[in-house]
Amino acid sequence: MTDHIYAHEHPETERRRDGGFTLWFTGLSGSGKTTIAHLVGPAIESRGPIVEYLDGDVVRTRLSKGLGFSKEDRDTNIERIGWVAARLIRHGAAVIAAAISPYAETRQAARSMVEQFGPFVEVHVSASVDECARRDVKGLYAKAFAGEIKGFTGVDDPYEPPEAPEILLDTEAQEPEESARLVVARLEELGLIPAGIAA
Ligand SMILES: Nc1ncnc2c1ncn2[C@@H]1O[C@H](COP(=O)(O)OP(=O)(O)OP(=O)(O)O)[C@@H](O)[C@H]1O
Ligand SMILES: [Mg+2]
């Protein structure tokens with residue numbers, strides 16, 4: 001019950017620092033979100049902005065500690081990431097969120113929160129379930145297929161791919177470095193980071 005909480009009575013400052021944006025990676029477990037995020041982050045920092053990572057694995061040990069993988073808990077996790085991302089970009093930070101974020105409606109809720117303060121750039125990190133299961137970096141697909149983990153995204157829980165992401169990465173066709181280059185180029189195109197000096 002939140003009836004007795006008076007959040008609306010807390011006035012907010014109108015001040016903002018320009019330049020903030022959120023890069024929101026979504027995709028199956030093992031698709032490459034974290035791998036690519038950590039290639040893109042340093043490239044962004046080399047152009048000036050300070051990057052804050054909100055990676056699902058880390059957030060779930062801190063901000064979302066104790067949440068599970070029911071639809072309700074997954075939604076709460078994504079809404080928390082969206083809310084924090086919005087707060088941070090008001091300060092001009094570049095936020096890189098990397099969580100499976102399987103539900104389109106919840107990603108839209110995160111987008112709406114973020115867009116109050118700056119751009120939301122959705123990156124669909126795409127790879128088939130077969131390919132992610134072949135990689136199976138964390139051994140989770142094997143457990144999901146064996147029925148030891150229930151409600152695993154792509155196995156017995158849905159993944160709703162974005163219909164119109166700002167960026168689509170095919171990690172079955174592109175190496176991580178190539179994906180990272182595409183993201184950085186798109187951020188330049190969108191005017192969110194200054195053009196880099198060609199190496
Ligand atoms: N073309 C590729 N692009 C990205 N990652 C790749 C590619 N080929 C192989 N990989 C490997 O796939 C794995 C992707 O794992 P990663 O932890 O980045 O996925 P994730 O999307 O963050 O998953 P999770 O949701 O479980 O955190 C890494 O071990 C990476 O080296
Ligand atoms: Mg990850």
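User: Is serine 101 buried or exposed?

Analyst: Start with the cut-offs: buried means under 20% relative accessible area, exposed means over 50%, and partly exposed lies in between (1.4 Å probe, protein chains only). Serine 101 has a relative accessible area of 2%, so it counts as buried. This is a predicted model, in which local features need pLDDT of at least 70, side-chain atom pairs count only at pLDDT 80 or more, and totals for chains, interfaces and linings use all residues. Residues are numbered from 1 along each chain as its sequence is written, chains are lettered from A and ligands numbered from 1 in the order in which they are written, and side-chain values use heavy atoms, with hydrogens and water left out.

User: Where does serine 101 lie, and what is its phi?

Analyst: Elements first: helices (H or I, at least four residues) and strands (E, at least two) are DSSP runs, numbered from the N terminus. Serine 101 lies in the loop between strand 3 and helix 4 (104–115). Its phi is positive, about 40°, although serine 101 is not a glycine. Aspartate 136 also has a positive phi, about 30°, and is not a glycine. Look for aspartate 136 in the loop between helix 5 (129–135) and helix 6 (140–145). At 18% relative accessible area, aspartate 136 is buried.

User: How do I read the sheet? In what order do the five strands stand?

Analyst: Pairing is a matter of bridges: two strands pair if DSSP finds at least two bridges between them. Here five strands form an open sheet, ordered 2-3-1-4-5, with parallel pairing. Strand 2 (51–55) and strand 5 are the edges, each pairing on one side only. For angles, axes are lines fitted to C-alpha atoms, for helices over the stretch in contact, and angles run from 0 to 180 degrees between N-to-C directions. Neighbouring strands of the sheet are turned by 15° against each other on average, direction ignored.

User: How many bridges join strand 2 to strand 3?

Analyst: Five, and the two strands run parallel. Tyrosine 53 stands opposite isoleucine 96 in strand 3. Strand 4 and strand 5 pair over four bridges, also in the parallel sense. There, valine 123 stands opposite isoleucine 167 in strand 5.

User: Which residues of strand 5 are on its covered face?

Analyst: Ile167 and Leu169. The uncovered face has Leu168 and Asp170. Helix 7 lies across strand 1, strand 4 and strand 5, and runs at about 170° to strand 5.

User: Which residues touch the most other members of the largest nonpolar core?

Analyst: A nonpolar core is a set of buried Ala, Val, Leu, Ile, Met, Phe, Trp, Tyr and Cys residues joined through side-chain atoms within 4.5 Å. The largest one has 22 residues, and Leu23, Phe25, Val40, Ile44 and Leu187 touch the most other members. Strand 1 (21–26), helix 1 (33–45), strand 3 (94–98), strand 4 (120–126), strand 5 (167–170) and helix 7 (176–189) each give two or more residues to this core. Apart from it lies another core of 14 residues, including Ile78, Val84, Val95 and Phe120.

User: What is leucine 187 in contact with?

Analyst: Contact means heavy atoms within 4.5 Å. Leaving aside neighbours within four places in sequence, leucine 187 is in contact with Phe21, Leu23, Ile44, Val121, Leu192 and Ile193.

User: Which residues are closest to ligand 1?

Analyst: A residue is near a molecule or strand if one of its heavy atoms lies within 4 Å of it. Ligand 1 is surrounded by 17 residues, the closest being Ser29, Lys33, Thr35, Lys138 and Gln174. An oxygen atom of ligand 1 is 2.7 Å from an N or O atom in the side chain of lysine 33. For the side chain of threonine 34, the distance from an oxygen atom of ligand 1 to an N or O atom is 2.8 Å.

User: What joins the side chains of aspartate 157 and tyrosine 103?

Analyst: A polar contact is a pair of N or O atoms within 3.5 Å; within protein, one must be able to donate a hydrogen and the other to accept it, and residues adjacent in sequence count only if both atoms are side-chain atoms. Aspartate 157 and tyrosine 103 are joined by such a contact of 3.1 Å. Aspartate 157 is found in the loop between helix 6 and strand 5.
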